[in-house]
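Biologist: Could you take me closely through one part of this model, setting out what surrounds it and how each term is defined?

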Amino acid sequence: MNLTTKNPATDSSATSADSTSSTTRNTRRKKLALSATALAIAAAGTFGVVTANAASGTGTAALAPVAGQNLTTSTHLTVGAATKAAQAALNAAVKENQKVSVAVVDRNGNTLVTLRGDGAGPQSPESAERKAYTAVSWNAPTSELAKRLAQTPNLKDIPGTLFLAGGAPVQAKGAPIAGVGVAGAPSGDLDEKFAQAGVAALGK
């Protein structure tokens with residue numbers, strides 16, 4: 001017969017050790033719980049401070065509005081109007097069996113619309129843009145500007161310009177707001193005639 005015997009002294013020690021271990025674990029759990037609670041409170045407090053500061057604008061650079069006397073307004077051609085002018089110029093060229101490209105630029109010389117007619121030469125779109133840019137820059141037809149080269153030949157060295165007939169400015173109250181350029185016809189006079197047709201379409 002196999003028997004097991006229990007030593008009362010040993011059993012008592014074991015019970016005491018288990019009790020001590022359990023107490024230690026409980027103490028650690030309480031400390032961890034308290035630490036977690038403290039961290040949560042601290043985080044909430046910090047968040048509250050940050051939120052309060054953000055709400056009050058503390059530490060944030062204020063955006064000052066620009067005063068009205070420091071602003072200016074300008075008139076610009078709409079994309080729809082630019083397209084109308086370009087199409088009118090191209091239609092005028094087609095009626096005379098001319099293969100051209102048309103460009104319309106805004107007051108700042110940025111291209112709004114470019115139309116390359118069927119059969120127009122590969123160089124014509126760029127030439128049309130440069131004529132339009134030149135016309136709006138000096139607020140004059142490029143045929144007139146070309147005449148100024150005799151007195152000021154270095155004008156032709158300005159980047160983006162082309163002092164050949166074919167560009168016409170679009171004006172509002174005498175001020176340039178856009179330019180229409182045409183290139184590809186056998187003569188600059190024809191190019192400018194078509195460009196003027198584009199400008200005229202905007203008055204209708």
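In which helix is the place of T134?

Modeller: T134 lies in helix α3, residues 124-138, where helices (H or I, at least four residues) and strands (E, at least two) are DSSP runs numbered from the N terminus. The model is a predicted one, in which local features need pLDDT of at least 70 and side-chain atom pairs count only at pLDDT 80 or more, while totals for chains, interfaces and linings use all residues. Residues are numbered from 1 along each chain as its sequence is written, and side-chain values use heavy atoms, with hydrogens and water left out.

T134 is buried, with a relative accessible area of 0%; buried means under 20% relative accessible area, exposed over 50% and partly exposed in between, for a 1.4 Å probe and protein chains only. Apart from neighbours within four places in sequence, T134 is in contact (heavy atoms within 4.5 Å) with T142, L145, G160, T161, L162 and F163.

Of its 23 residues, L77, V100, V102 and V180 touch the most other members. The elements giving two or more residues to this core are α2, β1, β3, β4 and α5, and its largest share, 8 residues, comes from α2.

Helix α2, residues 79-95, has 17 residues and reaches 24 Å from its first C-alpha to its last, close to the 24 Å expected, the expected span being 1.5 Å times one less than the number of residues. The buried residues of α2, among them A85, A89, L90 and A93, are covered by elements including β1, β2, β4 and α5. After α2 comes N97, whose phi is positive, near 60°.

V100 sits in the loop between α2 and β1 and is buried, with a relative accessible area of 0%. Beyond four places in sequence, the contacts of V100 include L90, A93, L115, V182 and F194. V100 and G184 are 84 residues apart in sequence, yet 4.3 Å apart in space, C-alpha to C-alpha.

Strand β4 is largely enclosed by the rest of the structure, because 8 of its 9 residues are buried. β1 and β4 pair in the antiparallel sense over 6 bridges, where pairing requires at least two DSSP bridges between the strands, and D106 has A178 in β4 as its bridge partner. β3 and β4 also pair in the antiparallel sense over 6 bridges, with P169 opposite G179, and they form a hairpin with 2 residues between them, K173 in the turn having a positive phi of about 55°.

Methods
Core = buried A, V, L, I, M, F, W, Y, C linked by side-chain atoms within 4.5 Å.
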